[in-house]
Amino acid sequence: MEDEKKEETVQAEEKDDGIKTKSLEIGDEAANIKADEHYTAENIQVLEGLEAVRKRPGMYIGTTASPGLHHLVWEIVDNAIDEALAGFCSLINVTINKDGTVTVTDNGRGIPVDIVDKTGVSAVETVYTVLHAGGKFGEGGGYKVSGGLHGVGASVVNALSEWLEVKVHRDGGEYYLKFGRGGKPEGHLKKIGDADDTGTIVTFKPDDTIFTETTTFVYEIIRDRLRQMAYLNKGVKIVVQDLRVEPALKEEFCYEGGIKEYVQYLNKPKGPIMEDVIYCEGREEVEYVSGKTSIIYAEIAMQYNTSYNASIFSFCNNINTHEGGTHEEGFRLAINRVINDYARKSKFLKDDSENFTTDDIKEGLTAIISVKHPDPQYEGQTKTKLGNSEVRKIVSSIVGEHLMTFLLENPPVAKLILTKIASAAEARAAARKAQESVRRKNGLDITTLPGKLADCQSHDPKECELYIVEGNSAGGSAKNGRDRRTQAILPLRGKILNVEKVDQQRAFENAEIGNMIMAIGAGVDPEFDVSKIRYDKVVIMTDADVDGSHIRILLLTFFFRFMKSLITEGHVYIAQPPLYKVEYHQKPYYCYNDAQLEDLKKKLQLKAGYPFQRYKGLGEMDAEQLFETTMDPKARKMLRVTIKDAMLADQIFTNLMGDDVMPRKTFIHENAKFVKNLDL
């Protein structure tokens with residue numbers, strides 16, 4: 001009932017906004033959003049210029065570590081994808097060259113080569129040297145739908161490159177311009193030959209004075225992102241190559257089924273309960289209070305599997321909105337309304353039975369929501385949450401109509417889905433009882449903390465830390481060596497349950513999981529409230545061996561599935577205990593990796609064979625050593641766990657911790673080369 005009331009409220013809000021929608025016939029998507037053939041320098045609008053990018057690159061690419069390095073590739077590829085969205089590009093090639101540079105080629109219209117009035121130079125030079133210059137700023141722009149809105153992509157890549165060169169095939173000619181370090185043009189655009197095709201070829205070399213951590217592109221990261229782009233843009237062929245290895249790697253992606261095939265790909269290791277992928281698509285014309293009209297296109301694909309987790313991913317103009325937004329809200333409203341209506345009409349739910357909750361309906365559901373909007377409004381520069389209110393009603397309407405039609409036309413599959421949902425509802429009810437049982441064990445009040453927890457004295461969560469420690473031995477050292485005012489210790493007895501393979505009821509019945517839930521004190525998803533956590537830092541502290549790594553991934557799986565915002569809000573850390581101890585002149589030296597050990601040997605001028613200790617477990621350290629090496633805020637090293645790509649994280653947890661063995665084998669084959677210290 002709450003969801004139904006929310007739906008009514010939403011529709012009322014949309015009417016108050018003065019936004020009217022009109023359903024349109026579905027045809028070829030590319031034709032629906034195809035831009036004008038007329039794409040010249042007049043379309044290039046200048047908003048302002050490049051040293052700022054080099055001074056504060058994090059503002060534009062997030063980080064100068066590996067994710068930021070790969071972001072350069074995404075910016076250039078996104079420009080090619082925007083040409084595909086406009087209806088003019090069917091082939092994109094991305095090549096990692098032998099020298100480590102990257103070349104992106106597309107067969108779109110080619111960047112305009114004529115002069116832009118406001119800059120006095122060619123459109124090519126303008127796009128690559130002026131921030132906020134491009135053909136994607138609404139009225140008069142060269143695109144109706146675009147992933148890039150700010151016009152900073154190409155110029156940012158140029159600013160952060162040692163050099164970048166652009167070749168444009170357009171208007172019967174081939175044009176060329178090269179830029180030096182920091183995006184400085186070496187001359188102006190010039191025609192170097194004839195061309196009977198159209199398109200843009202961009203090659204760049206990242207600047208190692210900016211990307212000081214690494215300038216090495218990872219083939220698998222680029223491949224996986226390009227595969228996603230191919231799924232989201234059906235019919236567009238994307239080729240990725242790595243020429244740095246022999247033989248060269250090459251993969252091609254082209255999916256005529258689009259997001260339907262994407263759902264099948266994501267769902268395969270999870271065991272789909274049905275062959276069908278439910279597909280919904282539609283487009284509506286929206287009239288705003290200003291009198292302006294826009295056409296919004298939406299497509300949704302979904303399929304149920306045997307798992308206990310929901311995997312719902314949303315996109316707007318190919319941008320992964322991993323924080324959701326109005327398109328996800330519309331989807332949730334629709335599935336809640338339709339599933340409950342159908343369940344009652346088919347007598348699956350009795351008159352006196354409660355409605356299924358949205359969480360019941362989502363369990364085991366994999367879904368892709370993709371909308372194309374000419375004027376998307378995001379919350380923040382990062383484009384992670386869609387805010388257009390009109391999208392909610394449009395998606396809700398499209399999903400509602402197509403989902404109900406599918407259920408009515410496929411009764412056997414509908415029964416499978418309802419049985420799965422009913423089972424989820426029963427398990428959720430049992431889980432609530434199990435959770436209450438954990439909380440009230442031995443008649444204790446629900447605020448009682450677990451007996452194994454050595455809590456800290458401070459009651460200010462901002463300065464408190466919870467160390468989840470492997471084993472009683474290490475737990476004893478941690479309790480004795482900690483800063484009792486701010487550091488709490490929760491020792492684990494062995495390995496916790498793998499929550500990827502069990503339902504919530506079994507998870508809550510597990511003593512170790514129950515202790516963690518009570519200690520952290522903020523509940524579990526979907527009710528988990530990160531503002532109520534008792535500790536600002538939750539630190540996983542395990543041995544540096546295979547068992548320790550396994551316990552760590554079990555804990556991360558639990559947090560990801562039951563307390564996701566604990567990770568996304570940056571509260572989960574991994575302690576980095578030292579691997580080696582060297583005693584020299586009665587003074588201890590600690591090294592955290594092989595490189596540090598070798599550096600120390602050289603620094604102290606130690607002879608070959610000088611003895612050193614390799615720690616195999618935290619229990620080998622006494623309380624003082626554990627504190628000064630791993631827990632002392634002034635000296636310790638910790639890794640903060642973050643999620644840049646929720647889809648990739650979901651897939652990795654499924655592959656590593658799920659029932660299907662083959663994805664694990666593939667992961668091991670692809671990543672074995674990165675292993676440096678293997679403890680067998």
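**Close-up views of a predicted model**

**View 1. Helix α16, a mostly buried helix.** The buried residues of α16 are Glu512, Ile513, Gly514, Asn515, Met516, Ile517, Met518, Ala519 and Ile520. Here, buried means under 20% relative accessible area, exposed means over 50%, and partly exposed lies in between (1.4 Å probe, protein chains only). That makes nine of the ten residues of this helix (residues 511-520), so α16 is largely enclosed by the rest of the structure. At its start, look for Asn510: one of its side-chain oxygens comes to within 3.2 Å of the backbone nitrogen of Glu512. Helices (H or I, at least four residues) and strands (E, at least two) are DSSP runs, numbered from the N terminus.

**A note on reading these views.** This is a predicted model, in which local features need pLDDT of at least 70, side-chain atom pairs count only at pLDDT 80 or more, and totals for chains, interfaces and linings use all residues. Residues are numbered from 1 along each chain as its sequence is written, and side-chain values use heavy atoms, leaving out hydrogens and water.

**View 2. Strand β10 and its two partners.** Five of the six residues of β10 (residues 237-242) are buried. Two strands pair if DSSP finds at least two bridges between them. With β3 (residues 91-96), β10 pairs in the parallel sense over six bridges, and Leu91 has Lys237 as its bridge partner. With β11 (residues 249-253), β10 runs antiparallel, joined by five bridges. In that pairing, find Asp242 opposite Leu249.

View 3. Two bridges join β21 (residues 580-584) to β23, and Tyr580 stands opposite Arg614.

**View 4. Confidence along the chain.** The average pLDDT (the predictor's confidence in each residue, from 0 to 100) is 85, and 82% of the residues score at least 70. Over residues 135-140 the pLDDT is below 50, and this stretch has 21 contacts beyond near neighbours in sequence. Contact means heavy atoms within 4.5 Å.

Technical notes: Polar contact = N/O pair within 3.5 Å; in protein donor to acceptor, adjacent residues only side chain to side chain.
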